[in-house]
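Hello,

Here is the structure we talked about handing over. Please look through it first, then read the notes below.

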Amino acid sequence: MADKHPGRVGDSPIPGCGLYADNKWGAAAATGDGDDIMRFCCSYQVVQNLKQGLDVQSACDDVINDIIDRVGQDKVFEVAVIALDKQGNHGAAGTVLSSTDYETSEKYSEFPFVVWHEENLPTPTIFTKSPLQLSNDL
């Protein structure tokens with residue numbers, strides 16, 4: 001695979017990094033620079049935020065803001081999280097500035113993600129999310 005070191009495992013198979021689910025609270029997935037994502041267990045942290053009572057969008061925002069605050073604006077890497085809570089509400093947050101759908105060549109100026117819900121969204125719907133910025137209180 002391009003841009004991967006030989007023998008590299010990546011974040012996807014590491015519990016809590018690429019994906020984490022808890023049938024009592026919800027689930028989250030992360031995408032982006034997997035080597036950096038592994039340092040933060042983003043998916044696990046989103047679900048833990050749900051457990052602490054945050055709504056799904058706030059849970060995602062909190063994790064990305066924490067990463068930005070910890071690494072600093074000048075060292076922010078590409079990361080995005082998407083999540084669903086137990087009720088099927090969705091949220092997403094990230095640092096992704098733009099994205100291209102290589103199948104259709106459509107360009108997005110934000111992070112795109114797809115949500116489908118049998119009752120509420122009967123067809124898959126593309127949503128986009130603006131990248132979060134470094135908080136001004138640092």
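A salt bridge is counted where a side-chain nitrogen of Lys or Arg lies within 4 Å of a carboxyl oxygen of Asp or Glu. This is a predicted model, in which local features need pLDDT of at least 70 and side-chain atom pairs count only at pLDDT 80 or more, while totals for chains, interfaces and linings use all residues. Residues are numbered from 1 along each chain as its sequence is written, and side-chain values use heavy atoms, with hydrogens and water left out.

The structure holds two salt bridges. One of them joins the side chains of Arg70 and Asp66, at 3.1 Å from N to O. Both residues belong to helix H3, four residues apart, so about one helical turn separates them. (Helices are DSSP runs of H or I with at least four residues, numbered from the N terminus.) Arg70 is exposed, at 55% relative accessibility, and Asp66 is partly exposed, at 34%. Here buried means under 20% relative accessible area, exposed means over 50%, and partly exposed is in between, with a 1.4 Å probe and protein chains only.

A salt bridge also links the side chains of Asp36 and Arg39, at 3.0 Å from N to O. Asp36 is buried, with a relative accessible area of 18%, whereas Arg39 is exposed at 51%.

The last item is Gly53, which sits in the loop between helix H2 (42-51) and helix H3 (56-71). Gly53 is exposed, with a relative accessible area of 60%. From Gly53 to Trp25 the C-alpha to C-alpha distance is 9.5 Å, and the two are 28 residues apart in sequence.

Regards

How values were computed. Helices (H or I, at least four residues) and strands (E, at least two) are DSSP runs, numbered from the N terminus.
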